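Let's take a walk through this model together, starting from a single residue and widening the view from there. Have the sequence and the coordinates at hand as you read.

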Amino acid sequence: VTPFLLARIEQLTKGESLKANIALVKNNARVGAEVAAELYMMERTGAVVVGGMAIDIISKPDDPGCLGATATSNIGVTRKTYGGVGRNISECMARLGASVKLISAVGGDSLGDELLE
């Protein structure tokens, strides 16, 4: 759904939304880098990563032909994976033995609590 919506918004704004999104990403990267650099200078305890954390929930029915409209439930498999660019980079650095701190926004719900564990 998101690629469709973004394409439609870009079409409706005649490309201005794309320019605004690019500017937002660049500004977020700049601010994140400034925060990370300042924290490093204050503590000098290793790397600081500013980035996202997420939980991906992937569900697939055992029978791909099942549309679900005619049944009350469908047998399948659901799995959770931990991700987000900031979290993934931090995990890789820690596995390599680096001292790393991650700064990220986390929801105040059970999935946010799970990420913090």
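Is Ser 17 buried or exposed? Ser 17 counts as buried, because its relative accessibility is 14%; buried here means under 20% relative accessible area, exposed means over 50%, and partly exposed lies in between (1.4 Å probe, protein chains only). Ser 17 sits in helix α2, which covers residues 16-43. Once neighbours within four places in sequence are set aside, Ser 17 touches Ile 9 and Glu 10, a contact being heavy atoms within 4.5 Å.

A word on the basis of all this: the model is predicted, so local features need pLDDT of at least 70 and side-chain atom pairs count only at pLDDT 80 or more, while totals for chains, interfaces and linings use all residues. Residues are numbered from 1 along each chain as its sequence is written, and side-chain values use heavy atoms, with hydrogens and water left out.

**The whole protein**

The protein has four helices and four strands, arranged along the sequence as α-α-β-β-β-α-β-α. Helices (H or I, at least four residues) and strands (E, at least two) are DSSP runs, numbered from the N terminus. Of the 117 residues, 13% count as buried. Among contacts between residues at least 6 apart in sequence, 60% join residues at least 24 apart. The accessible surface is about 9000 Å², with 61% of it belonging to carbon and sulfur atoms; the areas come from the Shrake-Rupley method with a 1.4 Å probe, and for residues only the protein chains shown count as cover.

Mean pLDDT is 83, and 89% of the residues reach 70 or more; pLDDT is the predictor's confidence in each residue, from 0 to 100. Confidence is lowest in α2, at a mean of 81, and highest in α3, at 91.

**Salt bridges**

The whole structure holds five salt bridges, each a side-chain nitrogen of Lys or Arg within 4 Å of a carboxyl oxygen of Asp or Glu. Among them are these:

| Pair | N to O distance |
|---|---|
| Glu 34 and Arg 30 | 2.9 Å |
| Lys 80 and Glu 114 | 2.9 Å |
| Glu 91 and Arg 87 | 2.7 Å |

Lys 80 is in strand β3 (residues 76-83) and Glu 114 in helix α4 (residues 110-116), so this pair ties together parts that are 34 residues apart in sequence. Lys 80 is partly exposed, at 42% relative accessible area.

Glu 34 and Arg 30 are four residues apart in α2, which means about one helical turn separates them. Glu 34 is partly exposed at 45% relative accessibility, and Arg 30 is partly exposed at 42%.

**Helix α3**

Glu 91 and Arg 87 are also four residues apart, this time in α3 (residues 85-95), with about one helical turn between them. Glu 91 is partly exposed at 27%, whereas Arg 87 is buried at 17%. Arg 87, Glu 91 and Arg 95 are linked in a network of salt bridges.

Which residues of α3 are buried? They are Gly 86, Arg 87 and Ser 90. Seen down the helix axis, the buried residues fall within an arc of 95 degrees, so they line one face of α3; the arc is that of the directions from the helix axis to the C-beta atoms. These buried residues pack against β1 (47-50), β3, β4 (100-103) and α4. On the other side of α3, Val 85 and Arg 95 are exposed. After α3 comes Gly 97, with a positive phi near 95 degrees.
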